[in-house]
Structures are given as C-alpha cells and as structure tokens.
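I'd like to talk through some charge pairs today, so let me put the model up.

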Amino acid sequence: MTPGEIAMAIAMGVLLIAGGYAIAYRAGRNREREREPSEAALFAGHADADAVDGERRMLAMLEEAVIVTDSSANVLVANEAAIERGLSVDGLIVDAGIRDLVQEAAQSDAAVERELELARDSQRLHVAVTAQCTADDRVTVVCADTGYRRSVDRVRRDFVTNVSHELKTPVGAIMLLAETIDDAGDDVDMIRHFAARIGVEAKRLDGLVRRLIELGRMHGDRATMRRTVDARELVRQAISDTEVTAGARHTMVRMRDDAGENHPLPVTVDAAAVHIALKNLVENAINYSPEHAEVTVEVSRGEDQARIRVVDHGIGIPRQLQGRIFERFYRVDPARSRLTGGTGLGLSIANHHILANQGKLEVWSKPGEGSTFTVMLPLAMRDDDTPCNRDADAEGDPDGTGKEADR
C-alpha cells in the first residue's frame, strides 16, 4: 500500500469515529430533552407529570383548604377541603374577600394574611387566609378554619370567669363575717353564729377547690387504673360517703337490689372515677330534695349492662333545661345551690367519668315530682366475649333460655 493510500485510510477512520461520536451525542441530547420538565408545576417552575401528580396528592392530604390561582384569581387547582367548604366552585373563588386578597398578593413579594368571616349555608365560617405569590403567574391561598380555636377560647374565657365568680363569693363572705365577728365584741352568741357561717362558706370553698382539682385530673395524663368490681360495691361506697350530707338534711338514702344477690354485676372500670361519679349523683339528689325526704339508689341488670338509678323526689328539672345540666357551672336553681354549697360541677364531672368508662348517663325529671339519673355500665366480658355470670340457674333463669325471669 502506498503512502497515499495509508493516509486516506487513516482519514476515513477518523471521519467514521467522529461521525459515531456525533450520532451518540445527538441521541443523548434527544434523551435529555425527553426527560426535561415539560409541564407547569402547581406552585412554581416546571416539573414532569409524576412530580405534578405528587403535588396534587399532597394537597389532598391537607386539612387546610388550599387553592392555587393565576394573578386574576382564576382557580388552577383546589384541594378537596377547599371544595367541601365551598371556597372554590366550578373553577372560581366564591368569596370576594379572598379574591381581593389574591390580587393583593399577586402584586406583593410578601405573604398577605387576613381573618375573614364567610357565609356558608346560613352559618358563619371563620377562616385565617394566607395568600402568597409563588411564581410569576401563580398565587397560593391557604385557608385555615379558626372556628374551633374561637370556640376553645370562648370556653376558656367562660371557665375563668365562672371560677373567679365562684371563688369570689365564699371568699367575700368569709371576709365580711370575719369583720362582723371583730365588731361583735364580747357577744358570745353572735360570735358563735358568725363562726358557724364562716365554717359553711369555708366548706363551700373547699368543695369548689376539690371539684376543680378533679377537673384537672380528668384532663390530665394520669394512667387509668381499671379493675373488675361488683357495681354494688361502688354504690355502697357512694352511699357511705354521703352519710354526713344526708344526716345534715335528715334524708334517708337506701339501696335497692333488683338484680338479686346471686347475680353479680361485674364491671371493669376505673373504680375511683366511677365512685366519684356515683357520689356526686347521690349528693345531688340529697341536696335537691326537701329535708326528711328519701333517696333511693336502685341496682339492676340489663341484657349486657349494670344499671344504677338514683331516684329522688325533689324539685325536678324543667324539660327545656335538661340538656344543659351536664355543662360546667350550670345550675338549674342558683339560689338553692348557694344554700347547699353547690358548685355546678358535680354533674359535669359525673358525666365525664361515666363516659370515660364506656358507660352512659341519662336523666328523667319532672318539676315537682323529682329526678332519676340512670347510670349504665357494660358488664365485664369473659374470654368468649359474653358477659360474665350469665349462666342459667334456678332463680334467675328457670327455663334455661339465658334470660332472667320477670320480676
């Protein structure tokens, strides 16, 4: 091969290698272009289809209502919370206040925040709205419902006001009585009379403090100690603990067992909490009954629950007020509560403890006839998920059907 032919062969080889590199480079560029984001992202820039889909799924998971709009407040995407709350309908922002906020945010580099009150189906919806420009033609709006926060704040303010009032009354009375004793001089009878009144107010103050402590325990993080006890034991303890109150009002408190001694009523509960609930119910019955009255605590058995009924023949509760008696500090007869030292917390605490033990507390009452509070607690279960002690016997189940005989 001549030197000229060798040179030609080398040149051809170089050209082939260069062409191969050029083809490979072009193919690589084509693949890169295929991978480049080609869809507008929800918040800013561009992204591939998978990334945009991920953004949409993220929005759907949020409890807050989120809307992404253009600078003219046209909705580009809205999550389910925004649609459910009626903030975005058919691709439009319904509320004019939010639309104004979007246009303001589109012209600002900073986030714009405002609290708005929106009308929704004859109701008022309070929302905290934040709007911010996230891209050249994108504004993101986040609406957080503040109704719950407002409700909590209102309850907290009412609670502080009520506690302050309840504490102020006995403290003021004790201070006044102490001054009166100081002015009484050597009048022994007057001193004894006012000292007794101080004792009454101090007892009332002590009762309020104890109830407030119990409220704190109810909402604390203390561990619940549950054990299985017979419901009768809880009732007997409650009656025993109210003997002093009953004696002061010359009231007879008796227990009636309609379940039968051969039929245990095992319940797995926080015994201390249920005892407090029953004690409050019995004390309430005593305090709202006339002196020399009778309060009956009936114990019976339902299909799968123990029933405890506290029956009094006192002043009764009007039907329109019965829905409020479990509210904190609510008292049907404030004047009578002041006389008996009532705080308006007893029934609220009782209801909380019964519900916390998977039970139920119901009330029947009629003015002038009295009231009946019924506590229902689920019977303890055996391993086969049936109530304990349901075996048939000659007294409670003569025909072996598993149902107790009529009484």
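So, which side chain does R256 meet in a salt bridge? That would be E298, at 3.0 Å from N to O. By salt bridge I mean a side-chain nitrogen of Lys or Arg within 4 Å of a carboxyl oxygen of Asp or Glu. R256 sits in strand β11 (residues 252–257) and E298 in strand β13 (residues 294–301), so the pair links distant parts of the chain, 42 residues apart.

Quick caveats. This is a predicted model, where local features need pLDDT of at least 70 and side-chain atom pairs count only at pLDDT 80 or more, while totals for chains, interfaces and linings use all residues. Residues are numbered from 1 along each chain as its sequence is written, and side-chain values use heavy atoms, with hydrogens and water left out.

Back to our pair: E298 is buried at 10% relative accessibility, whereas R256 is partly exposed at 33%. Buried is under 20% relative accessible area, exposed is over 50%, and partly exposed is in between, with a 1.4 Å probe and protein chains only.

In total there are 10 salt bridges. Another one joins R114 to E104, with the closest N and O atoms 2.9 Å apart. R114 is in strand β7 (residues 112–120) and E104 in helix α4 (residues 96–106), so this bridge ties together parts 10 residues apart in sequence.

Then there's E362 with K360, at 3.1 Å between the closest N and O atoms. E362 is partly exposed at 36%, and K360 is partly exposed at 45%.

Terms used: Helix = DSSP H or I, 4+ residues; strand = E, 2+ residues; numbered from the N terminus.
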